Amino acid sequence: MTSDDRTAKDRQLDAARVDKRDSVLTTDQGIPVDDTDNSLKAGERGPTIMDDFHFREKVTHFDHERIPERVVHARGSGAYGYFEPYDDSLATLTKARFLTTPGLRTPVFVRFSTVAGSRGSADTVRDVRGFATKFYTEEGNYDLVGNNMPVFFIQDGVKFPDFVHAVKPEPDNEIPQASSAHDTLWDFVQLQPETTHMMMWLMSDRALPRSFRMMQGFGVHTFRLVNEEGVGTFVKFHWTPKLGKRSLVWDETQKIAGKDPDFNRRDLWESIEMGAYPEWELGVQLVPEEDEFAFDFDLLDATKIIPEERVPLRPVGRLVLNRNPDNFFAETEQVAFHLANVVPGIDFTNDPLLQGRLFSYLDTQLIRLGGPNFPQIPVNRPIAAVHNYHRDAYHQMRIDKGEAAYHPNSLDGGGPTPADGAGYQHYQEKVDGWKIKKRSESFADHYGQATLFWNSMSDWEREHIVAAFRFELGKVKARHVQEGVVRNLNEVDHDLAVLVAEGIGVEPPGAPSRPNHGRSSPALSMDHEPADTIATRKIAFLVADGVDASQVRCLMTELTLRGAVCETLAAHGGVVRGAGGEDVMVTRAMPTTASVLYDAVMVPGGRESVRALAEDGDAVHFVSEAYKHGKAVGAIGEGAELLDLARVAPDAARGVIVTGEADTEGFLEAFVRAVAAHRFPRRATRPVPA
Ligand code: HDD
């Protein structure tokens, strides 16, 4: 990031940043400390004495350094950046200047998260991912607190504690961590058919993103844009990743959870550090107020999407993340999102899930961050000026001057004064109804869109969904729970239910009460993603003494020029000796890494090198495992022999690219295409022993 890219938020944070280089150690009172390694004792072997204020302060601070983790979305990673609209085309629909002022770069902080796991849980578990964006607009903070799936498990906020209690580890033994594959979640699911659509998403590969940089984000609810005249337009917000939507495969995610539990966090951090700034396009689906009832579902129901074929996405602008935080706790842990943080031009709807959220976020920050002054924490502070009559409370950082902390006042010049028509004005909506605890009939169809999702999947996506249901339900002990889920799935699609039933050994169901409606929405599939970039893709070169060093150099240069990250892996760290006697630097020793941490593998030629790799079980396993997970595999010359040993046959159409010595140029292009394709899910992998 250059100094020109510094945003107003970045400059504001300067005031809170502390550079400790070249400094002397002090207490919190600023008193220099001579010795922090030995407590003050009465004699070298005597007791520590109370005079040691440094000891007491140091240990007391340590004793108090944990705060409650988020009750959901505890595990997360964040980064700063900016949002920039393309043009002013939304200006007739919303007053929100940050969406309609071309060239205006609004600073943002984005936090990505998993939902169920604790703060220290693994990144790659099967779960929804949070995608929360704080826009520090000139008119105050706007928070878009979304997920990477466009629907939710439940329709009413009052069910949220039930759902979360069901998905979290079970209360008696706190097992399992960060996993939905257990009885209580599926018990809730079978009893609450409104979860069915979201469970289809959760069982799909959308729950296993390759990278936060390669997943979509959704505001989920229908919100409202409001223009200068007070006219509203329903809106759904979508983030589309520039690098395409890409997922891992299930076996891989489980292994990564052990090999590198910080996989997604590290990926975000490293891509920003190397200047490959993640980017998303903001798109909106717009529905005029008069079309509120034009759909066969209710716009206020958060378990439903508006199919993109019905209401296309309209591009609005781009989000770029270009700076890592300086301090994880101070920024990523203390950032506080709240759905109610809206700016003029954006408003809520009566979606009962949304309404529940309007209460919960402020409430949870009070316990998590210890009082109502958390908006003063640097990461949470708006860049817009803040003036009001709030006073006191824990951790007050402001020194509000003057004697009057009430409105109206005639002292202190009478301020701050209400904006008098220039402030946030709530959308004018007439509301009239009986107080009633009842779900609207228009929310009643729990299966139609689950079927739409299933129908929209390609063959391999369906296979993965079936395998996920079998895995999850296979872990469930209560048979009636398994049967209940299968009964619900039968209402989604009979074949799906039968396949799942067969996998878990319960009686396949009879005919469903309603047939599959046959409709689909192609935009829901990940089978047709553009394969036009290898930017930031990690490619492992397997090397040993005797490797053809010029092949390695030449290929790594070409692939790096196209944005890939190439690493050489050998049995040990340091260097290996090339066939011509030259040194080849080893990036990583194979025992410290694994194929699951790479997108592709290349085996260069060199007789001695390949012979040594063939003797090394780690190297053979590396290739077969990469193949099994659908990754691009390349081999040159003798390198093909390692593929043979790994039971991987050349198959250019399915990403296994093999060449003799000569034809390196065509080979490079074919390999690049294979890496860009991300995965080849239609390979025969069952016999591969990895
Ligand atoms: Fe929530 C955190 C997203 C429903 C109550 N939620 C939280 C975060 C995300 C979401 C991304 C993490 C924010 C961060 O990074 O700090 N939540 C959603 C979405 C929902 C949703 C997309 C449905 C469309 N949430 C939801 C409901 C409730 C909550 C219905 C309660 C009635 N959510 C919370 C919370 C959390 C939270 C308890 C925990 C930590 C926090 O707020 O700051 O208030």
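In these legends, Ala, Val, Leu, Ile, Met, Phe, Trp, Tyr, Cys and Pro count as nonpolar, Asp, Glu, Lys and Arg as charged, and the others, Gly among them, as polar. Every view comes from a predicted model.

**View 1. The shell of residues around the ligand.** Here 23 residues surround the ligand. Arg70, Arg111, Arg357, Tyr361 and Gln365 are the closest. By class, the shell has 10 nonpolar, 10 polar and three charged residues. Strands β3 (129-137) and β4 (140-147) and helix α10 (352-369) each supply at least two of its residues, and α10 gives the most, with seven.

View 2. Look for Tyr361, which has a polar side-chain atom 2.7 Å from a nitrogen atom of the ligand. Arg357 also faces a ligand nitrogen atom, at 3.3 Å.

**View 3. The largest cavity.** This cavity has a volume of about 170 Å³. It is lined by 20 residues, and Pro150, Phe218, His238, Ile305 and Glu308 are the closest to its centre. Both domain 1 (41-380) and domain 2 (454-524) contribute to the lining, so the cavity lies between them. Strand β7 (residues 232-241) gives the most, with three residues. The lining divides into 10 nonpolar, six polar and four charged residues.

**View 4. The second largest cavity.** About 90 Å³ of space is found here. Of its 14 lining residues, Ala116, Asp127, Phe153, Val167 and Leu202 are the closest to the centre. Helices α4 (160-167) and α6 (196-202) each supply at least two residues of the lining, which comprises 10 nonpolar, two polar and two charged residues.

How values were computed. Residues are numbered from 1 along each chain as its sequence is written. This is a predicted model: local features need pLDDT of at least 70, side-chain atom pairs count only at pLDDT 80 or more; totals for chains, interfaces and linings use all residues. Side-chain values use heavy atoms; hydrogens and water are left out. A residue is near a molecule or strand if one of its heavy atoms lies within 4 Å of it. A polar contact is a pair of N or O atoms within 3.5 Å; within protein, one must be able to donate a hydrogen and the other to accept it, and residues adjacent in sequence count only if both atoms are side-chain atoms. Helices (H or I, at least four residues) and strands (E, at least two) are DSSP runs, numbered from the N terminus. On a 1 Å grid over the protein atoms alone, a cavity is a set of points where a 1.4 Å probe fits but cannot get out, and a pocket is an open set with protein on both sides within 12 Å along at least five of seven lines; lining residues have an atom within 4 Å of a point. Grid points are joined across faces, edges and corners, and a volume is the space filled by probe spheres set on the points. Domain bounds come from an automatic or database domain assignment.
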